[in-house]
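Here is a short briefing on one protein chain. Look at the sequence and the structure first, then read the points below.

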Amino acid sequence: MVKFLLLSLLLSFSFASNQVDLKINPDIKKYLTKEEILYIKNKKIITASNEFDYEPMDFNVEGIAIGYSIDLLNILAKSLDLQVEYVTRPWTKLLKDFKNGELDLMHTIYKNSKREEVFKFSFPYLVGENAFIVRKTNKDTITFSDLKNKKIGVSKGWLEENLANKYKDIKKLYFKNLEEKLNALSLGKIDAIISDKNIARYYIKKYGFRNIKVANDIIEENDEHLDKYYFATLKKNSILISILNKAYLNTNIEDIENLQKKWFGNGIIGKSIFNFQEQKYLDQKALIKMCLFPNFIPLSGIENNQP
């Protein structure tokens, strides 16, 4: 009799546990598949990357992960009733561990064709504008040709390294992070660096680099997409990207704008969402043709021969 009661209690507890509703934002939940909801229910906690010092996107202060990407991921995770466990390591170690399946998610990551072979990328969640960063004594507009026989600061494993490798007559000097590169640039040890200009302005203002300026945008037509930030998983875990995409697309735009203002001020708000190639296409296209339904009011229609 006692065994029977214990068995009944265990079965009841198990049934009750399986019936607990996830606290997923209903505006997001309605777009999730049964498989995605089951993934969230079983997963509960995802592991995500965290760098030590990539301000203001992704860094760590006294053991706490902070930054724009961290705040955004926390908002998405909360709306999905998921918890995030951040793993803090240098970028190259994070990439290595991620490829070995030790992390569920990378963020603040650029996309290129080589990475797309093994990674599944989300929709971009922030558009950057990469530029040359130089001393104020330099001219405002420079090209890679201007850097011939000069020194450029790069970091191992960053896509700027791949970009600089295309120019054999430019000498690369390696640094651990952006702050080290800016210090070297300020002291005249190197001649230029490449950086997202919003991030560079953040560092210049915060750390008082008065002799450094953001020059012109870098225009490179290749597969090194140094213009957008993504979430990424291994392809075998692509369901997580599908879930995050749905959460991001259904996140209140005011929450996104508030994050951007918090970390970048008002400068980033209203910037073009198009990268160089996309903007170039639109500039050359001039006229875009589209179809419409003539009697599908209020969504589309024709009145007085005008759409």
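**Overview**

The protein chain exposes about 18,000 Å² (by the Shrake-Rupley method with a 1.4 Å probe), and carbon and sulfur atoms supply 54% of that area. This is a predicted model, in which local features need pLDDT of at least 70, side-chain atom pairs count only at pLDDT 80 or more, and totals for chains, interfaces and linings use all residues. Residues are numbered from 1 along each chain as its sequence is written, and side-chain values use heavy atoms, with hydrogens and water left out.

**The chain as a whole**

- The secondary structure comes to twelve helices and 16 strands (DSSP runs, H or I of at least four residues for helices and E of at least two for strands, numbered from the N terminus).
- Of the 307 residues, 43% are buried (under 20% relative accessible area, with a 1.4 Å probe and protein chains only).
- Among contacts (heavy atoms within 4.5 Å) between residues at least 6 apart in sequence, 69% join residues at least 24 apart.

**Asparagine 60**

- Asparagine 60 lies in strand E3, residues 58-61.
- Asparagine 60 counts as buried because its relative accessibility is 18%.
- Not counting residues up to four places away in sequence, asparagine 60 touches Asn50, Glu51, Phe52, Ala65 and Thr88.
- The side chain of asparagine 60 reaches the backbone nitrogen of glycine 63 at 2.9 Å.

**Helices H8 and H9**

- Helix H8 covers residues 178-186 and helix H9 covers residues 197-207.
- Leu178, Glu179 and Leu182 in H8 meet Ile199, Tyr203 and Tyr207 in H9.

Technical notes:
Buried < 20%, exposed > 50% of the residue type's maximum accessible area, 1.4 Å probe, protein only. Polar contact = N/O pair within 3.5 Å; in protein donor to acceptor, adjacent residues only side chain to side chain. Axes fitted to C-alpha atoms, helices over the stretch in contact; angles between N-to-C directions.
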